[in-house]
Structure formats: C-alpha cells, structure tokens
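These are my notebook entries on one structure.

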Amino acid sequence: MLNSCVVCRKRKIKCDRNPHSCRNCIHFGTSCVYTTVPRSELKRSATTLSHHDESSRTFTQTGLVRRRVPRSCVACQKSKAKCSGEQSCARCGKKGLTCRYAEQTSMSEPAPSRSIAATAPPSQTQQGSVPTWLGSAQLPSSHRVRALVDMYFAQVHTVRCLGFLHIPTFMDRFREDEALLADSSGLVYIMCALAAPFLYAKTVDSPESDPASGLRYHEAGRGWAASALQRVFANFGASTVDSLAVSVLVHEHLIRTGDHTKALLLSGMVARHVQILQLNLEHDDDTLCESAGSLPSETRESRRRLFWACYLQDALIECGIDQLKLISSDDARLQLPCREEDFLRGRPCVTETLGAGTLLPSAVGARGAREAVDNLDLRAYYIRAMALRSSILRYVKHIDGDEPWDALGGSQFQRLEKRLAALEQSIPHALRMSSGNTYLYKSSGRLNLYYGLHILLAQTWTDLYRVGVAGLVFPSSATARLRQNAPVEFRRRCHQTCADQATLIAGLLEGLYKCHRESMIDMPYAINAQVCSSTLVTTLASARAVDEAGFLPSYTESEYRRMLRLNLVMLQHMQQYMKVDAFAESASQALKHFECIVQRQEAGLSNGKESTTEAGHPSHFSLDYILNPLGVFPIARTQARDKHIPERFASARSTVNTERAAVSHSTQEYTGERREVTEAGSLWDWDAQLPLLESMDYPTFLDDAFLSEQGLGLGNTNGFY
C-alpha cells in the first residue's frame, strides 16, 4: 500500500493515495511524488528551505508556490480587500478599476475594463500577441475559467445544435473550484478553448479593431484544445456521453482553426461513438418521465440534442455524397429538440420527429401530443432544413435523365421543390424574419441560429435551381444537356431564383453583421458569404452569356458591387476569429471577376457563349471531381501527404492554362477603380475561364496553386496539435 505523497506529508493533511496524482496535488497544481524517505528527512529539508529569504518569499515550507503574494495593489489596500498580486489584479479587473502598485507609479495606467480578460498585460494586447494565460495548455485560475465558461454559453452554446449542455446541471456539477479545475473528461478545457477568441478580442484596445491589423483571435485557446484532445484519446474506449460531447466540441474547434484533416478523422470516431451509445434512439418509451426512476427530462433532452449535433456535423461533411455519410437521417428515431425554456426548466414534452407531422409510436396519444408541433425549438426547423438540403445536393450530383420542367409535375426536381416550399411555410410566425423577432432573439442571444435558419433556406433554393445556370454546377458540361433542352422560361426562372436568393443571403448577412457581428462567428456563415459572392458573379456572367433579356432581376451594377464588397468585409471580420483565409480570398477574386465582366460589357465586348463540350471521363473515380474544394473533405485531402492526385479533364487541358493566364492578368491589374478594357478577351468558356479545381461544386475563383500553398495544405503549425 502506498504511503502519503510528499506534499501531503509535508502539509500534514490526508492523502487519497491515488497512484497517478492525488486530489490535493491536482488542486495545488504540483507534481505528485511518492517516496519512502522518513518524515524527519522531509522536515530537515523544509527547514533548510525556510532559511533562504528569497526562496521563502516564493515557496512555502512544503515546496509549493506561495499563493499569498507579498504585495497588494493600491486599490485593494485602500479597501482592505484581498489582492491576487497580478500585474492587473482580479478584483480591479472585475470592478473596472485602475490597478496600480506603489512601486509602479511611473508606469502608464492600463485602460479600465469591465472584463476579467483585461488582466492581460497591456504590452501584449497592444502588440497583438496572445496573452500568456490564453495560450497555455493548463487551465487558468478558477475566476478566469468561469469567465470563459460564461463566454462559451453566450457565444458558442447558441450556435446551431451545440446547445446540448444543460446549463443548470453543468453549473451544479462544477460548483466547487476543485471540480472545475480537476476535470478529467476535457469538457472544461474545450469550452475554454472555444470561448478564448472572444475573450481575447476584448483585451485589445478597440472592440472594432481593423481586420487589416493582422490580429488573429483564433490563436487563443489552442493549448486548452490540445489538452482536451489528449483527454479524448486518454479516455479512448470509454463510451460515455461526456466523452462524445468533448469530441464534438473538439471537432468544432478543429474546423474553426483550419485543421480539417484531424476534424474529418475525429468525425468518423464521433459517428461510431453515436452508434455504440445508440443515441439515434430514445432512451426508453417513457417520453414524459412518468415512471419511477425514469431518466430525468433534461438528461433525455441533452442526449437528443447531442445526437442532432452529431447529425449536423456529419451533414456538413457529406454534402449529398453517400460515400461520406456516416449518420443517416433514416436511422434517427427520436424527437427533435424542444423549446429552450422547457429544456432549461426540465419540463418533459412531446415533439415531432424529423418527418413533419410524425410522432414516436410511444408518444401517440400521450398527454400533450397535440401540442407537439408547438413544442419544437428553432433548432428543429434548422435540422429539417439541413436534412432536405442533403437530399437536394444528392439530386444535383445525380441529375441524369430528370426533366425539371415536366408538365405533369412528376420530376424529382418538382417533388423536392414542393418539399422545400412546404418546409418554408411550416415555420411559425414567431420564428420568421421580422424586426420584432430579430430583437427578441438578440436579447436572448440566439441570433446565430435565427439568421442561420433563414440563410440556410435561401441557400437550399439556390442549390436546387442552380441546375439551370451555367457554371454553378461544375463542370458546366454536367448540366449542359439539361440547359439545352430546357424551355427558356425554366432557364429564366433558374437565373432569377439564384440571383434573388443570393441577394437575400447578402441582405441577411449584412443585417446580422450590423445587429451583432459576434453572432456570425460560425463556419457556415463563412461558407454562405463565399457561396453568395460566387453565385452572384456566376449567375450574372451566365445570363449575359446566353444573351437573353429578362434573365435577371433589375439589380444595378452598383448594387451587385456593394453586396460583393460587403461579403468580403464580413469574411475579413470572421478571418480574425476563424481560419477562413481561402474563403476571403475567394470572395476577393469574385469581386475582381465581377469588375472584369462589367468592363467587358462597357467596352462592347461579348462575354461569349458557354461551352457545351463534354468533359472526358477519368479512368477512375475520386470525390475530388464533384466536391467544392473549400469543403471539409477536400481541404483535408490537401493536407494529406500520401494521396491520389485527381486527373484533369482532357477537354479542358488544352485551353485551361491559356484562359487562366488571361484571367490572372486581368485580375492582377485590378485596382478597385473602373477602367477601360483595351484588349479583346476570349469567349466565356466555363470549364476553362473560371480558375477552379476541375469538377468541383460551386465556383471558388481560386486556382490549384492557391489551394495548395495558402495554408490549406500546411495543417496546424502552432505545435499544439
């Protein structure tokens, strides 16, 4: 049997004799060592240490770092309060006071702040470097951890379906500081990591800092995320809900910081974890928790929300590709999330399942079953929209033989269109876009999900109708036959719908940016802004290429330009909080392509006709041929060292280099000012003119060199992962 550890023996306190580290040593933050040295020897060494004045000011007789500091700031001395002794103490930071020490009167005073995050040294925030405590792999003091946890619940918990933690239960579980700092699951670590960029942003002098300043808030918290990832693998094989929740949040952090390879691999582990726990099923048939000893309502709802978070995570990766799908909507046999108030209060209720109007067999006839649709949360409609979008993306990638303009209404396109219209109509008035609802959701901190639902619906309409627009399904030859055979009215409707929905998305993004820009710190918003820009430019070019009047709504060039520039500004703002450099560059290139189109129009030069040449088929299939290069899977592919290299289509190979050089030349000369075009360009050949990765999805206007050299293939160079 082990003796007590050295620290406990010196302090003469009870030791739990844990072989790895006792609870006391975890609390003191020191290494736990067991030895057979007699107590007299330990006492002699402690006496020797105490004879050194300088050491005794820093360390206690037991060898621990002295917690009680030998100085207090002026403000704490005047109020006779306990001071933490830091360069800017915790009490002054909490009360917004100027923290100054008697021996530091010559130093400049830091700007007052109401945030605990202001305890970082002023020199660090002014230089833009991450404060030391925000870059550490160890958790900071408990008051800072609680500030980070509060920031997490304000900024991350409300995103999509990440709100699976029951806040009252969490707070009760970590009520004591010892439990908070001794978390072995990694949950507190990853919550702090996700909140760190937002807290770091508050340490800079101006909250409206210029994106061009080079500040990258997403560098903060990487150490805590690495510690959480280590705990995920330390608990590998422990199939618990806690370990799955940590994995989901670590995946979210990896996506935000641009490490898509680890994120993709971790998503596979999450999907298998879901299968082991069978979270796709209700825990039992007692939905209303009426039986004795039944699982509490908040625990049931937390499990449901965790499953739907995993489902949305998988849907974001698979993008309509069955080969990448690991969590199927057909296997989801549980309720959709209930209203947030019912979840927080622990009130059991019946809600619908993924299919509209459907209930679980055990819930049919149960008390409150008639109000099932009224009990649905905003997240429930977001999940339904995402499930329908996956079906539409799958249709677009397998459109062969379908005629969307079928007069009898029997085409798959028309069936999907009816489902999308029905989903849009099913949204209650309390969840629809209006100024009153906007400020209600702003007051509750749920703008991210509120705007996200309506942007997702608009994006899904674009996903469906892009089949009639050249360049929005790549390669253009994939839908060339459909466009050649389609009636003019159908093609006009496709162009108008894509332009209208892209304009709607641009307006919604602008509204969120002006209302509360921190709420748009979420990867789907970066994708939406980039796709919106590419859709606007490509739809405009396609309409002018077919030379048909009335193919586009009557938007002026200045309105197009304003939307494109705003998308770029918003992406540059998101670039500070997430690694979305490629998305911002894509939006920048889309703006330059728009200016080229306008200049050619003013110079009387034709934008040409779209190419209808059939692309050659590769000898073997790869998902690189059909996915957007800015998706999770393609970016993860660029970060792989040993990989299959996609083939180039033979029809495009002969012209792609010449055309890309022409576009590159015109975009390099672009200075933001409108100028005359002096050179005649070639015809608009979609498979060659747009600098894309061949056979991808939405246009990115990025060439292969940028995608491989501008950070996508470099992985995480910070050293934590």
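**Entry 1: helix α20.** I began with the outward side of α20, where S435, Y439, L440 and S443 are exposed. I took exposed to be over 50% relative accessible area, buried to be under 20%, and partly exposed to be in between, with a 1.4 Å probe and protein chains only. Helices are DSSP runs of H or I with at least four residues, numbered from the N terminus. I worked on a predicted model, in which local features need pLDDT of at least 70 and side-chain atom pairs count only at pLDDT 80 or more, while totals for chains, interfaces and linings use all residues. Residues are numbered from 1 along each chain as its sequence is written, and side-chain values use heavy atoms, with hydrogens and water left out.

Which residues of α20 (residues 435-443) are buried? I found N437, T438 and Y441. Viewed down the axis of α20, these buried residues fall within an arc of 105°, so they line one face of the helix; the arc is that of the directions from the helix axis to the C-beta atoms. I noted the general rule that an α-helix has 3.6 residues a turn, so residues three or four places apart point the same way. The buried residues of α20 pack against α18 (378-396), α21 (447-465) and α23 (488-516). Just after α20, G445 has a positive phi of about 75°.

**Entry 2: salt bridges.** I searched the whole structure and recorded 32 salt bridges, each a side-chain nitrogen of Lys or Arg within 4 Å of a carboxyl oxygen of Asp or Glu. One of them joins R389 and D463 at 2.5 Å, N to O. That pair links distant parts of the chain, with R389 in helix α18 and D463 in helix α21, 74 residues apart. Are R389 and D463 buried or exposed? Both are buried.

I then looked at R146 and D177, whose side chains meet at 3.0 Å, N to O. R146 belongs to helix α9 (residues 142-155) and D177 to helix α11 (residues 177-181), so the pair ties together parts 31 residues apart in sequence. R146 is partly exposed at 26% relative accessibility, and D177 is partly exposed at 31%. I also recorded a network of salt bridges that links E282, E301, R304, R305, E340, D377, R379 and R446.

**Entry 3: aromatic rings.** I recorded 19 aromatic pairs. Rings of Phe, Tyr and Trp (its six-membered ring) pair if their centres lie within 6.5 Å; planes under 30 degrees apart count as stacked, over 60 as edge-to-face and the rest as tilted. Y555 and Y560 form an edge-to-face pair, 6.0 Å centre to centre with 90° between the planes. Y560 is buried at 3% relative accessibility, whereas Y555 is partly exposed at 26%. Y395, W405, F413, W461, Y465 and F490 form one aromatic cluster.

Entry 4: Beyond its neighbours within four places in sequence, W224 is in contact (heavy atoms within 4.5 Å) with residues including W133, L148, Y189 and C192.

Technical notes
Helices (H or I, at least four residues) and strands (E, at least two) are DSSP runs, numbered from the N terminus.
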